[in-house]
Amino acid sequence: MNFDLGPELGAFRLEVRAFLEDFGDIGAFFHHEGSYDDATRRLYLALGERNWLALAWPEEAGGEGKHPLFEFVLWDEMARSRAARPPLGSGIVAKTIIRAGTDEQKERFLPGLRSGEVFFSLGYSEPEAGSDLAGLRTRAVRQGDVYLVTGEKRWTSGGHRADYLWMLCRTGTQESRGRGLTILIVDRRSPGITVSPLTALSGERFNEIFFDEVEVPVDNRIGDENGGWQLIGESLATERHVQFQPSRVRRDFDDLVEWLSERGLTGDPVVRYRLSDLAVRVAEVEALALAMCEAVQDGRDAAVEAAANKLAGSEVAQEVSRLAGDLGVPDSVVVGSQIEYLWRQSISETIGGGTSEIMRGLIAGRGLGLPLKG
């Protein structure tokens, strides 16, 4: 698959590869406890020094004013080298603040996000509101110059080390659904916050975070009260091109072929047949990523293309890592082996960033115009 996006982006891809040579295979792309260490922080700070965390920010906000495809190339190379994933702060958070924040909020939060010194975690999902965010129950009640936040967030990635939580809270009635939600920036060290670990199959630490009348200044509200639903929809639209990187799937596939070759299995006709079939699926992911890039490059809404890319990519990542087990290779299920870990961490890919079911619904409704129930 030819990923030539033009000479300028091609040159930038080579620049990113050269940059990553100084960091080796730090392995922070895969989420597991301990992956966010000093080397990872040093990587993000180095990206901040180059202003690469603000590649597509407008220049007036301190960014480079580059086309969003520069972000795609950056994080696609990060995925290929398994260095790191895009931080949510410089993406969803910063771009929403740039679009809907006050001048004071921009001055307060953007410099730290641009430099890689400030870490945000998303406070969206709840025990009874995962994919159905419009049904969330964490409530923010305004009293004068503060909101009192009470409730629970769950599956919060990085919540234990975040400086701030980008919180979606209910300020309207429960029946108001998406029309009654507001975005607040919550200092994670505020009194009344309790963080408890939830360990995933991959070893990644998620969190459940409890809020007991946590005081949040009204000045930390982004946009209008009850205007959060529209803002999160707009923010997701600006980040679709970096949601799932095709080079991650290609790297996983290449590692699988090497792993099978080391065990003398690639000459087996059944193995070769399965690998050839899987190679087509990997190429499909790359083709869908190119379709998404084309939509982004043309300035079109890439929601359907990005959903197709994420759906195929996350499911093929599972197929790649599962093949060794399907072939009956014993050490493919030994905890600690490379292939076994690839399988464990791939499970969450079809959940995070929107489940496969949500992606299929988006493709059916917006891409094919099919009527959807509910």
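The crossing of α7 and α10 is left-handed, a crossing being so called if the near helix is turned anticlockwise from the far one by less than a right angle. The contact (heavy atoms within 4.5 Å) is made by Arg248, Asp252, Asp255, Leu256 and Trp259 of α7 and by Gln338, Ile339, Leu342, Gln345 and Ser346 of α10. The model is predicted, with local features needing pLDDT of at least 70 and side-chain atom pairs counting only at pLDDT 80 or more, while totals for chains, interfaces and linings use all residues. Residues are numbered from 1 along each chain as its sequence is written, and side-chain values use heavy atoms, without hydrogens and water.

The axes of α7 and α10, which are lines fitted to C-alpha atoms over the stretch in contact, come within 10 Å and cross at roughly 150°. That makes α7 roughly antiparallel to α10, a term applied to angles over 145 degrees. Because seven of the nine residues of α10 (residues 338-346) are buried, this helix is largely enclosed by the rest of the structure, where buried means under 20% relative accessible area with a 1.4 Å probe, protein chains only. The buried residues of α10, among them Tyr341 and Arg344, pack against α7 (246-262) and α9 (303-326).

Strand β7 (residues 205-217) is joined to β3 (residues 146-154), with which it runs antiparallel, by eight bridges, and Val149 has Val214 as its bridge partner in β7. Strand β6 (residues 193-199) also pairs with β7 in the antiparallel sense, over seven bridges, pairing requiring at least two bridges found by DSSP; here Ile193 stands opposite Phe211.

Notes. Buried < 20%, exposed > 50% of the residue type's maximum accessible area, 1.4 Å probe, protein only. Helix = DSSP H or I, 4+ residues; strand = E, 2+ residues; numbered from the N terminus. Axes fitted to C-alpha atoms, helices over the stretch in contact; angles between N-to-C directions. Parallel < 35°, antiparallel > 145°, perpendicular 65-115°, else oblique.
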